[in-house]
Each structure stands twice: as structure tokens, then as C-alpha cells.
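Thanks for asking me to look this over. Here are my notes, with the model open alongside.

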Amino acid sequence: MRDIQAAGAFGQRISDRLAELAMMSDEPERLTRLYLGPGHRKAADLVARWMREAAMAVRIDATGNVVGRYRGQDPGPRTLMLGSHIDTVRDAGRFDGALGVVTAIEVVAAAAKAGKRYPFAIEVIAFGDEEGVRFPSTLSGAKALAGRFDLRALDEVGEDGISRRQALLAFGCDPLRLSEEALSPEHALGYVEVHIEQGPVLEKEGLPIGIVTAIDGVSRGIVDVEGVAGHAGTVPMAMRKDALTAAAEMLLAVEERARKRPNLVATIGRIEVPASAANTIPGRTRFTLDIRSPADQERLSAVNDIKALVAAIAQRRGVTAKFAIGHEVPAAVCDTRLSDELAAAIEAMGLAPRRLPSGAGHDAMAFDRLVPFAMLFVRCRGGVSHNPAEFASADDIDLAASVLASFLDRISTQ
Ligand SMILES: [Zn+2]
């Protein structure tokens, strides 16, 4: 299955290129590559060069995506998309996003070197707007391809006072052509993305790679607990309506509920006690909720249960709790056929095809229910991501690239 390149060669080459790409930064001392910034410019140019060297025709589209097209056996429009993103968080690692782009380029480069064409064109896409650091909304590159970009987002302004529209123009993109980027779903065979896991599961199980079942749906909300503030010395314990201790009980109830189901996760990431003081019984407490699951029913039933638990605790403690879910995104389920082909490619290497959900969002989400998509996760050390300590080994990367190459061969014969 590694007929187009000797075993090990992918891993080293991809690792070397990731190191080179990591030099393209907005800041001299660390990797920060924000959408449409100077680091993105340099990274886009480098990626475009690698694509051209891999016999791809390259363009930068109206949202700043770098798109390399490797034509198929015939010039027809049927296209399989591969890729990931090249923007990063601030003080990032070099693997998040970039791994999927460089791996796709190298797999196409190996095919080109061997003179191999597939019965479909391949487009390798380096998306530029996945992390959502610069502007309030995100995934604009993938949304534009999916025909789902909301043109009002052009007026969004980042911290630097520059609007998305201005930033696009400065990058050489034409925002007026944005709606022309929408792909024709009937010609899109699918989208496949290689990405580091960004979590600890594969490492814990001693597995180098895994197949994503779905990108978790998310419910986000806020709970406002209101009790009665009072003097820390004068109000007896039995007579208190302490908003903070009530919230504490609620947090533990949220955790307990989430632990009941295997792929459900719930997080209280932030808690505020307004007007707090060491000698005051807290009268108000506010905390956030983030509840995720690959199955929408699981998530919605957890939200309902948590709402009821919060209400019961509030009642028993004589406080009030306002529960508001402000943001809901359904799960994006990966395509069974594409995922099964990835699994078959993994099994052919003698490895177990572990399937797991993605708790983090990815570009692929934008294609939900429009273009079939699949994702291959690569083990990362300690599950660490969004940090310079992020690491995936050349051996694991080599396996992922080999699986991707073998996957392309498999779907070519169908
Ligand atoms: Zn990413």
C-alpha cells in the first residue's frame, strides 16, 4: 500500500516542511499566524509554491484560501477536496491545521512524481480562517465554498480596527467575488481532512491514528444565580441564601450528569462573583456552560436534565437561577462511506481503526449535509494543542499520509 513512496519518507518530509512553515509568523519569537496577516501571506506563498511543485494549478480565492488543483485522468469537474487550515492561534504549535495541508500536498506530490492520475481531480485547500482569532465569526473560507458565507460578516472588525473587507482587499482578495466561490455539490465527491487529535484518547490507547465519527454539536449558555448578599459575620449558616455555594453544588451536578454518558462532555469554564469580598456572603454568581456530544439527542437531553438539576438545587437553597442557552450548533456527522474506506486503509496496515468523536470544531463542519466529509486524526503528545509544545511524531504522520494515499487508491477503484 506504500507503493508510491518508500515507508518513512512521507513522515520525515512532512515534518521538515511543517518546521519550515512554522517560520511564517506574524511575530518574530513565536508562531502566531492570524487570518490575512503577514504570516498568513508568507505561509500562503510557501504553500502555493509547494503545490505548484506537486504539479497542481494554484489560485488564491476570494477568501484567501490557497487552492491547488491536481487534474484527474480526464478534465471533468468531479473533485475530491483535501486540506485543513494554515491560520493559527497566538503562540501556537506547528501541527494544528498545517499538518492536514502539508500531508495532502505531499500525497499529491508523490502521485505526481509517479505519474499517477486519479479518476477525479484533487483540490488541496489551505483554509485561512479556522481559529476565529481575528474576527468574531470564523470558517469563512470553508463557508464560502459551501455557499454559506454571510456577506454581513465582511463588516466585522477585529481588535486592530481593520474590517474583514479591508483585510481581504489588502491580501489581494476581491470580496465582491465571494459568492462566486460556492462549489457545485454534484461535482464534489467529498472533503477529507487529516488533523492532530488535540486530545489524549489515541495516546492513552497506544494508537497512532483514528477516524472521526462526528464533530460534536455544542450548546453554550449562562446560568445566573441570585441569592441574598449579607455580612459574613452576622448571618447564621442556616439563614443564608448564598449564591456561590448554590452554584458550587450546580457545577458538581453538571459534572456528574456529563459523566453518565461516554461521549458527552460538559464544562463550566468561567465563574463570576460580582461585587465579591472576603467578608460578604455572595448575593450573585454567574457561570458559563459548554455541553458537547457527537449525538444531538444526547446533548439536548443533557441540557434538559441539567436545567432541571439547576432548578431543583436553586429551589432547595432558596435562591433563583436563570438558565439561558444562547448558542447551539448541531453535530456534523462524518460520511460513512468515506470513513469506512479510511478504516479499510488503516486495517490493511494491520492497525485497529479506532473511531472517536471530535470535541473541537474543524473546517469540515462548514460542509455538513452538503458535501460528504471524513477526518483522520493523528495522535499528539499529551493531547496538547494550541501551544508550542504541540507534537506529532514523524512515524505517526507517515502512517497518516500512507493511509491517505491508500484511501485515494481505494476510492479510485470504485
Ligand atoms: Zn485545527
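1. First, the ground rules. This is a predicted model, in which local features need pLDDT of at least 70 and side-chain atom pairs count only at pLDDT 80 or more, while totals for chains, interfaces and linings use all residues. Residues are numbered from 1 along each chain as its sequence is written, and side-chain values use heavy atoms, with hydrogens and water left out.

2. Have a look at helix α7 (residues 243–259) and helix α8 (residues 296–317), which pack at an angle of about 150 degrees with their axes 10 Å apart. That angle makes α7 roughly antiparallel to α8 (the term applies over 145 degrees). The contact (heavy atoms within 4.5 Å) includes Met250, Ala253 and Val254 of α7 and Ile306, Leu309 and Ile313 of α8. By class, 10 nonpolar, 2 polar and 5 charged residues take part in the contact of α7 with α8.

3. Next, helix α3 (residues 98–113): its 16 residues reach 22 Å from first C-alpha to last, close to the 22 Å expected at 1.5 Å a residue. Of those 16 residues, 14 are buried (under 20% relative accessible area). Gly115 follows α3 and has a positive phi, near 70 degrees.

4. Finally, Leu176 sits in the loop between α5 (164–170) and β5 (188–196). Leu176 is exposed, at 74% relative accessible area (the cut-off is over 50%). Between Leu176 and Arg165 there are 9.4 Å in space, C-alpha to C-alpha, and the two are 11 residues apart in sequence.

Key. Axes are lines fitted to C-alpha atoms, for helices over the stretch in contact, and angles run from 0 to 180 degrees between N-to-C directions. Helices (H or I, at least four residues) and strands (E, at least two) are DSSP runs, numbered from the N terminus. Angles under 35 degrees count as roughly parallel, over 145 as roughly antiparallel, 65 to 115 as roughly perpendicular and the rest as oblique. Ala, Val, Leu, Ile, Met, Phe, Trp, Tyr, Cys and Pro count as nonpolar, Asp, Glu, Lys and Arg as charged, and the others, Gly among them, as polar. The expected span of a helix is 1.5 Å times one less than its number of residues. Buried means under 20% relative accessible area, exposed over 50%, partly exposed in between (1.4 Å probe, protein chains only).
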